[in-house]
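Here's a quick briefing on the structure below.

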Protein chains: 2
Amino acid sequence: MYNGLSRKQLIAQIKAKKSFLCVGLDTDLTKIPAHYLKSDDPIFEFNKDIINATKDYCVAYKPNLAFYECHGIKGWEALQKTIDYIPKDQFVIADAKRGDIGNTSKYYAQSFFETMNCDAVTVAPYMGHDSVLPFFEFENRWVILLAMTSNEGALDFQFLKLDHEKKQVWEKVVLKSSQWGTPENMMYVVGATRPEMLADIRKLVPDHFFLVPGVGAQGGTVEAVAKYGMNDDCGLLVNSSRGVIYAGNDENCARAAEEAAKELQEQMAAALENKGII
Amino acid sequence: MYNGLSRKQLIAQIKAKKSFLCVGLDTDLTKIPAHYLKSDDPIFEFNKDIINATKDYCVAYKPNLAFYECHGIKGWEALQKTIDYIPKDQFVIADAKRGDIGNTSKYYAQSFFETMNCDAVTVAPYMGHDSVLPFFEFENRWVILLAMTSNEGALDFQFLKLDHEKKQVWEKVVLKSSQWGTPENMMYVVGATRPEMLADIRKLVPDHFFLVPGVGAQGGTVEAVAKYGMNDDCGLLVNSSRGVIYAGNDENCARAAEEAAKELQEQMAAALENKGII
């Protein structure tokens with residue numbers, strides 16, 4: 001039985017690898033090199049090559065469930081094989097954006113932590129505390145709550161100003177939810193597309209880790225994210241999906257992914273040194 | 001290839017069956033009668049009996065994905081078999097509460113509408129328009145957006161008051177999102193636990209259907225929901241999960257579910273007659 005990764009273990013991995021890179025396994029049959037399509041399980045074969053090529057440069061993998069669910073049962077098989085293949089010292093995030101009433105969220109927690117053996121799952125906050133609390137019943141497993149996302153639609157509701165308190169919706173989400181969990185079992189999704197806002201959320205939750213998407217294809221940089229979001233324990237997992245896994249599109253794609261991951265890792269090492277963490 | 005159910009077809013079903021009941025297939029191995037556990041696929045066998053017993057009294061079925069996902073691949077198989085077994089004149093709702101950035105939501109839409117052949121999927125609004133729009137690219141398939149949910153945690157964020165506009169978050173979600181889709185491809189989740197608030201949301205979106213959970217186990221009544229939420233096309237799907245599927249807990253459970261569904265259907269027929277719809 002896998003026991004999950006604690007905050008302490010995650011920080012130790014970050015220091016050992018001089019990296020806070022999370023590789024997003026958004027594996028898309030229309031984008032992976034053609035030679036994989038001949039195999040029985042192209043998604044898993046591609047993921048395996050990507051994992052082998054990048055595992056020394058990252059501390060986390062984040063399969064996005066949509067890319068697996070769209071293939072039905074075959075997709076779920078590929079996902080489970082992928083998760084089982086990822087080395088146990090890596091932090092595995094199911095990017096699933098789940099959330100339901102309490103007695104239902106309990107089953108989502110069981111899905112991701114027991115059935116699938118992930119360390120963490122992304123959760124949407126709209127339904128409030130009872131949609132989140134059931135995930136905390138598993139030791140060394142994590143909720144990563146959507147706070148400020150990296151997409152255009154983030155502007156629709158997350159930045160609406162609230163009456164009286166002079167806060168925005170995302171701030172209220174962070175403040176309220178930070179009372180539900182602890183920095184040992186909860187992180188926040190904070191998009192890199194607005195890096196200076198990382199400083200605002202860092203003030204609200206100085207100790208929590210942030211999972212930061214939006215570096216690379218969506219325009220954010222490691223340097224800006226580290227400048228505004230890093231704390232004394234690093235406190236960051238920066239995700240790159242397309243920028244790493246589709247760095248190449250031929251038989252040398254694993255090598256290209258390795259180069260892309262290594263380049264990000266070097267930028268991260270510099271940021272960690274700069275902050276005196278390593 | 002299944003083509004989905006249009007608004008017109010759904011309304012015709014409601015009138016023909018004198019019912020706007022949705023049966024929630026929250027099938028839980030710890031709650032179904034023990035004799036099913038001997039079968040190879042207890043979830044599907046139970047669902048099959050429930051569907052046979054209730055199909056004349058309801059117009060929709062709503063499997064909640066959490067109850068299937070928690071069993072991994074076996075759970076997905078049971079879900080797919082269940083969806084395939086549901087008669088084609090029923091409206092099938094994947095209660096999945098998905099939502100991600102645009103290029104990811106596209107794959108969720110494909111999962112539920114193409115791979116699984118559902119008519120509708122529940123979607124969480126936090127990530128805004130690009131998390132919702134990709135679902136509208138499928139004709140006669142539906143987004144059911146979370147507006148005001150029936151759980152306790154709904155109070156955490158959905159009812160926060162916004163600055164200037166004097167609206168609450170859920171009102172803004174309804175007003176803004178009603179410009180993304182139409183009453184032909186979009187519904188809202190509105191909990192029955194605050195029935196008088198159905199009148200408020202009905203004013204904002206007079207023509208949209210509401211999917212109303214929270215009747216029965218959670219305390220709402222058909223009468224109150226109809227009083228405050230019904231429009232001239234009915235405009236309601238009222239869900240009961242536990243109240244129907246666990247009405248009995250022995251070998252006669254299907255018969256008990258039939259009775260429970262019939263009782264709700266009779267209340268619904270009265271409400272439809274009262275409004276002059278049938």
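**Briefing**

Setting aside neighbours up to four places away in sequence, Arg242(A) is in contact with Asp26(A), Gly216(A) and Ala217(A); a contact here means that the C-beta atoms of two residues, placed from the backbone, lie within 7 Å. Keep in mind that this is a predicted model, where local features need pLDDT of at least 70, side-chain atom pairs count only at pLDDT 80 or more, and totals for chains, interfaces and linings use all residues. Residues are numbered from 1 along each chain as its sequence is written, while chains are lettered from A and ligands numbered from 1 in the order in which they are written.

- Arg242(A) sits in helix α11 (residues 242–245) of chain A; helices (H or I, at least four residues) and strands (E, at least two) are DSSP runs, numbered from the N terminus.
- With 16 C-beta neighbours inside 10 Å, Arg242(A) counts as partly exposed. The scale goes like this: buried if 20 or more other C-beta atoms lie within 10 Å of the residue's own, exposed if 12 or fewer, partly exposed in between, with C-beta atoms placed from the backbone.
- From Arg242(A) to Val215(A) is 27 residues in sequence and 9.8 Å in space, C-alpha to C-alpha.
- Lys31(A) belongs to the loop between β1 (21–25) and α2 (42–54) of chain A, and its 13 C-beta neighbours inside 10 Å make it partly exposed.
- Lys31(A) and Ile245(A) are 214 residues apart in sequence, yet their C-alpha atoms are 9.6 Å apart in space.

**How the two chains relate**

- The same surface serves both copies, with 100% of the contact residues of chain B recurring in chain A.

**The interface**

- Chain B puts 50 residues into the contact, and chain A puts in 50 residues.
- On the side of chain B that touches chain A, at least two residues each come from α3 (66–69), α4 (72–85), β3 (91–98), α5 (102–115), α6 (154–157) and α7 (169–177) of chain B.
- α5(B) gives the most to that side, with seven residues.
- That side of chain B divides into 21 nonpolar, 17 polar and 12 charged residues. For these classes, Ala, Val, Leu, Ile, Met, Phe, Trp, Tyr, Cys and Pro count as nonpolar, Asp, Glu, Lys and Arg as charged, and the others, Gly among them, as polar.

**The α4 pair**

- The axes of α4(A) (residues 72–85) and α4(B) come within 10 Å and cross at roughly 170 degrees. Axes are lines fitted to C-alpha atoms, for helices over the stretch in contact, and angles run from 0 to 180 degrees between N-to-C directions.
- That makes α4(A) roughly antiparallel to α4(B), the word used for angles over 145 degrees.
- Gly72(A), Ile73(A), Trp76(A), Glu77(A) and Gln80(A) meet Gly72(B), Ile73(B), Trp76(B), Glu77(B) and Gln80(B) across this pair.
- The contact of α4(A) with α4(B) involves four nonpolar, four polar and two charged residues.

**Inside the fold**

- The largest nonpolar core has 200 residues, and Ile144(A) and Ile144(B) have the most contacts inside it. Such a core is a set of buried Ala, Val, Leu, Ile, Met, Phe, Trp, Tyr and Cys residues joined through C-beta atoms within 7 Å.
- Beyond four places in sequence, the contacts of Ile144(B) include Ile93(B), Val121(B), Val189(B) and Leu211(B).
- Asn239(B) is found in strand β8 (residues 236–240) of chain B and is buried, with 29 other C-beta atoms within 10 Å.
- Among the residues that Asn239(B) touches beyond four places in sequence are Cys22(B), Lys62(B) and Leu211(B).
- Ser105(B), in helix α5 of chain B, is buried with 25 other C-beta atoms within 10 Å.

**Backbone angles to check**

- Lys97(A) has a positive phi of about 50 degrees although it is not a glycine; Lys97(A) lies in strand β3 (residues 91–98) of chain A.
- Lys18(B), also not a glycine, has a positive phi near 50 degrees and lies in the loop between α1 (7–17) and β1 (21–25) of chain B.

Note on methods. Angles under 35 degrees count as roughly parallel, over 145 as roughly antiparallel, 65 to 115 as roughly perpendicular and the rest as oblique.
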